[in-house]
Amino acid sequence: MRNIVCMLGFVLAGMEVHAQECGPRAEPLVRVHLENFMTVPTAALARAKGVAAGIFAGAGVRLEWKEGEPRKSQQAASCAGLADEVLEVQFDETAATRFPRDAMAYAVPGKAGICIHIFYNRVVAAHSRDLTPVLLGHVLAHEITHILEGVARHSEDGLMKAHWSSSDYMEMSQHSLPFAEEDVQLLRAHFHRPALSAGR
Ligand SMILES: [Zn+2]
């Protein structure tokens, strides 16, 4: 079994960053606003959030989950060289017909507002129901990484592969797929954080 993880839109202008008053923080913070989250069963969503947060924690980036749209004032902030991000993710029950049949998500780096769409029915259909929460966590982490990297690219290995194979699904059922080294480098560049680790 092999699935396209996602489709990428055109890269538009860089993310808008507004100065905002905030205190010192040891690690970059990404606030992820989930919209239409009731599409996903509560327990599955909780597990998925844990998986995605764990993947980013391994790279020294903290995810904070929010429900619903961000307020205008929260849309982006930058504090003392540590760029904090605010991302909007929408869960769609179905995908538009223009997307390949096996794409599970859609991301548009650089777009204001909702920049990630997750096609939840396709995540459910991609593998066994037992794996759905873990797979959803990986799809979330994959798409969030696209937005943070800000470029339309995939990696040969790990979380950011364009296609996950049966062995990738097997691996993620046991432990999270790692970031490839080039993804760590791109995240590091994004946050200007030389101390970010590969999280393996
Ligand atoms: Zn992708």
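1. Helices here are DSSP runs of H or I with at least four residues, strands are E runs of at least two, and both are numbered from the N terminus. This is a predicted model; local features need pLDDT of at least 70, side-chain atom pairs count only at pLDDT 80 or more, and totals for chains, interfaces and linings use all residues. Residues are numbered from 1 along each chain as its sequence is written.

2. Helix α5 covers residues 181-191, and its buried residues are Asp183, Val184, Leu186, Leu187 and Phe191. Buried means 20 or more other C-beta atoms within 10 Å of the residue's own, with C-beta atoms placed from the backbone. Viewed down the axis of α5, the buried residues fall within an arc of 165°, so they line one face of the helix. The arc is taken over the directions from the helix axis to the C-beta atoms.

3. Helix α3 (residues 132-149) is largely enclosed by the rest of the structure, because 18 of its 18 residues are buried.

4. The largest nonpolar core has 53 residues. Such a core is a set of buried Ala, Val, Leu, Ile, Met, Phe, Trp, Tyr and Cys residues joined through C-beta atoms within 7 Å. Ala52, Ala105 and Ile118 have the most contacts inside this core. Its largest share, nine residues, comes from α3.

5. Proline 109 sits in the loop between β7 (105-107) and β8 (114-119). Proline 109 counts as buried, with 23 C-beta neighbours inside 10 Å. Its C-alpha is 9.2 Å from that of isoleucine 144, 35 residues apart along the chain.

Definitions and conventions:
A residue is buried if 20 or more other C-beta atoms lie within 10 Å of its own, exposed if 12 or fewer, and partly exposed in between; C-beta atoms are placed from the backbone.
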